[in-house]
Amino acid sequence: MPAKRLPVREGEDRWTDAELSEVRVALRSQIAELEADIVAAASQIAEGDSADGAGDDQADVGAKTYAREHELSMTYNARDLIAQNERAVQRMDAGTYGVCESCAKPIGKARLQAFPRATMCVPCKTREERR
């Protein structure tokens with residue numbers, strides 16, 4: 001879909017193909033970085049799992065468990081961010097990028113340039129966070 005057909009808030013300039021391309025490249029770049037982070041975390045987790053824990057005291061076991069849980073948490077977070085980024089790219093392709101999923105009004109070009117994964121306009125997101 002042509003960038004100029006994507007919705008914008010009143011008073012904002014229309015999207016240009018270059019601007020939309022810049023956001024798309026940034027999202028794909030973040031996806032690649034997050035995928036690399038997941039591979040590194042999986043390596044760390046596997047390395048920790050293969051370590052011989054014989055002779056470890058309770059503090060060592062606790063530290064290793066904490067480190068493993070932290071790596072798992074970071075991996076889950078990275079996977080969630082990848083899904084959000086991929087969803088944003090899909091919305092661009094479908095021509096629905098920039099439409100609030102709550103009220104169906106424009107999210108705003110400035111908001112999307114600052115936070116390209118946004119799926120809600122500021123008023124709807126604020127209302128959701130207050131619940």
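**Salt bridges in a predicted model**

Lys125 and Glu128 form a salt bridge, their closest N and O atoms 3.0 Å apart. This is a predicted model: local features need pLDDT of at least 70, side-chain atom pairs count only at pLDDT 80 or more, and totals for chains, interfaces and linings use all residues. Residues are numbered from 1 along each chain as its sequence is written, and side-chain values use heavy atoms, with hydrogens and water left out.

Student: How many salt bridges are there?
Tutor: A salt bridge is a side-chain nitrogen of Lys or Arg within 4 Å of a carboxyl oxygen of Asp or Glu. By this rule the count is four.

Student: Which helix holds Lys125 and Glu128?
Tutor: Helices are DSSP runs (H or I, at least four residues), numbered from the N terminus. Lys125 and Glu128 are three residues apart, so about one helical turn separates them. Their helix, residues 122–130, is H4.

Student: Is Lys109 buried or exposed?
Tutor: Lys109 meets Glu19 in a salt bridge (2.7 Å, N to O). The pair links distant parts of the chain, with Lys109 in helix H3 and Glu19 in helix H1, 90 residues apart. Buried means under 20% relative accessible area, exposed over 50%, partly exposed in between (1.4 Å probe, protein chains only). Glu19, at 24%, is partly exposed. Lys109 has a relative accessible area of 7%, so Lys109 is buried.

Student: What is the relative accessibility of Arg24?
Tutor: Arg24 forms a salt bridge with Asp93, closest N and O atoms 2.8 Å apart. Asp93 lies in helix H2 and Arg24 in helix H1, 69 residues apart. Asp93 counts as partly exposed at 48%. Arg24 counts as buried, at 18%.

Technical notes
Helix = DSSP H or I, 4+ residues; strand = E, 2+ residues; numbered from the N terminus.
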